[in-house]
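This briefing covers selected local features of one protein chain. The points are grouped by topic.

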Amino acid sequence: MAAEVMLMNEIEAKAASMAIDLNIDFNSIQLPRGEDCGIVSDDEDVYHDDQLEFDSGFGNVIVVDNLPVVPREKFEKLEGVIRKIYSQIGVIKEDGLWMPVDPETKKTLGYCFIEYNTPQEAELAKEKTNGYKLDRAHIFAVNMFDDFDKYMRVPDEWAPPEIKPYTPGENLQKWLTDEKARDQFVIRAGTDTEVLWNDARQSKTELVYKRSYWTESFVQWSPLGTYLATVHRQGAAVWGGANTFNRLMRYAHPQVKLIDFSPGEKFLVTYSSHEPSNPHDANVRVVINIFDVRTGKVMRDFKGSADEFTIGGAGGVAGVSWPVFRWGGGKEDKYFAKLGKNMISVYETETFSLIDKKSLKVENVVDFSWSPTDPILALFVPELGGGNQPARVSLVQVPSKVELRQKNLFSVSDCKMYWQSNGEYLAVKADRYTKTKKSTYTGFELFRIKERDIPIEVLELDNKNDKIIAFAWEPKGHRFAVVHGDNPRPDISFYSMKSSHNLGRVSKLTTLKGKQANALFWSPGGRFIVLAGLKGFNGQLEFFNVDELETMATAEHFMATDIEWDPTGRYVATAVTSVHEMENGFNIWSFHGKLLYRILKDHFFQFLWRPRPPSFLSAEKEEEILKYLKKYSKKYDAEDQDVSMLLSEQDREKRRMLKEEWEKWISEWRRASEEEKLERQKLRDGEASDEEEEYEAKEVE
């Protein structure tokens, strides 16, 4: 870093001596046509695309039609009305309102042009005023100026589209056929983004693809691992391929900040926020687009002020909750919903319109979440009227909007909902006021979604005043874990929804006392869990077997910020990102807590395992494999032994080479010693020995 600063200082000094200004707006630089300075652009194919429509430069101009036709004496009055309407939406440029006049009749022509400071303001004006009723006879028809140019280029005569011959695409799932059954992950460090194989047997990584400046902010895998998404100033892009990563599709959305895939990877949601050009306007403008992932077509867009998207949720940008739209109906991508004021707007993806053309009205609703597998909404309404109207949690079926179950909750201050991954259970964590209203305690309402009439159980901890630090369901299982307590070392309790005596009752399995943990990370296959101490606990790790209720290993990854299981549940990655300046990099562990290898990376930003799609095997087939696992494992045990022998051989070879290198070094110094023996003898007044013990030290003044 210091070297870079010195180099920059030298450049600045040289530029000053030559009177060169280094403050350059690089976006304003245009190279001569056909010149690329030897660097091929990612967008090279754009210039050869005949279908591409270039921006004409009038993106901030709208055309307002169906205005009254008035004589010259009423011109100023009409202009004042138009200016008043449209200046409320954005800043109209000086001389930015032009109403043409018929030179013969001296009357207006019934339309005008309005030029705003930004294209975003022009789009908002079109959206807000198209169809605006000035009076009974004049309803505005508003269009973007650029659209006229586009429509004018439509040929007068229809011609059938050119039918292109079918060319088979790449197998985007080829990585799943890896002979070694390895998993991939992506990392970002500095300006580089790398996709790597986790070769845990060899205790190392293997590079798949590497690229500098691949993204301008972050990368994100699609939920089934088919695509890797990157984010740029112009929009987002997805990449994939059989053997490398090619760009498969681009999604134009200027200044995009956040993206989100639907669970089945059919749709991509992009988000951007734009500061108003009018200093008196405090509302940030939000643009959300929903793209078809394969075609790149915009299926629906949503535009408005940030206030319209800030209700409920957490995270995001400019106070907007993210994701704004939450997907429901499992991997089918049938429905998506948004929380609004006193309503939940549920859309279906066949027409991208509201179900029954209206939102679900729910007074004072503050949160909702979808079942991971079924079209069922769980929604929460807080307590109202000082406790006269209790809080409630409701389960609503979509698309019928029928209420399946409701539970009233009294004296509730806050509520969080946790779905189990198969949608079999819903846990509602309710923080309740004590009788004095001066403190709160926590309990759980446990819904059994798949059972008749959806029975509900109430669970309170042994010490109901314990603070709940973390909660997590076992994936695909019936158990859950809770970190609770007010001590510096909290307790961790495990519960099962199926007790040994009664399958329909919740029971406690065990409580681990005084643990250095504040986060829970279940294996995707269940059974194993990492009890992690992040932040104040400095990366303490405990690998726990819930079947046997025993600790398999304890370890530490100092200052760890992220922990993530691989999709198969075989390995765990812990990472220290650039939140900390020191020790950036990641560790790979086995599921039972053995450190396999460690890689340090300066300026380390991201580590993400590549997700896997669900298995095609039925539950019965998986049970059969587990039953005969010993028979199947013989083959892999032999492979592991071969790898182990190979590694041992490699270690022996490495030690042999180190030994040879050492002996060579010793022999060279011995030879040099012999060559200099006479010289040393002269310096010691004829004494020939090099042994220090044979000499007597004397002090001479």
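Predicted model: local features only at pLDDT ≥ 70, side-chain atom pairs only at ≥ 80, totals over all residues.

In β29, E445 is the bridge partner of V428.

- In general, strands of a sheet pair through backbone hydrogen bonds, in a parallel or an antiparallel manner.

- N408 is placed in strand β26 (residues 403–409).
- With a relative accessible area of 35%, N408 is partly exposed, because that class lies between the cut-offs of 20% for buried and 50% for exposed.
- Apart from neighbours within four places in sequence, N408 contacts P390, A391 and R392.
- S394 is 14 residues from N408 in sequence, and the C-alpha to C-alpha distance between them is 8.7 Å.
- The loop between β25 (391–397) and β26 contains P399.
- The peptide bond joining V398 and P399 is cis, with omega of about 15°.

**Backbone torsions**
- Most peptide bonds are trans, and most residues other than glycine have a negative phi.
- Y213 is not a glycine, yet its phi is positive, at about 50°.
- Y213 lies in the loop between β9 (204–212) and β10 (219–221), and its relative accessibility of 65% makes it exposed.
- E265 also has a positive phi, about 70°, although it is not a glycine.
- The loop between β14 (258–261) and β15 (267–274) holds E265.
- E265 counts as buried because its relative accessibility is 8%, and the cut-off for buried is under 20%.

**Nonpolar surface patch**
- Y628, Y632 and Y636 make a nonpolar surface patch of about 300 Å².
- Y628 is in the loop between α5 (619–627) and α6 (629–675).
- At 39% relative accessibility, Y628 is classed as partly exposed.

Key
Residues numbered from 1 in each chain as written. Heavy atoms only, no water. Patch = residues over 30% accessible without salt bridge, like charges linked within 9 Å, V, L, I, M, F, W, Y side chains within 5 Å. Areas by Shrake-Rupley, 256 points an atom, 1.4 Å probe, with all protein chains shown as cover. Salt bridge = Lys/Arg side-chain N within 4 Å of Asp/Glu carboxyl O. Helix = DSSP H or I, 4+ residues; strand = E, 2+ residues; numbered from the N terminus. Buried < 20%, exposed > 50% of the residue type's maximum accessible area, 1.4 Å probe, protein only. Pairing = 2+ DSSP bridges. Contact = heavy atoms within 4.5 Å.
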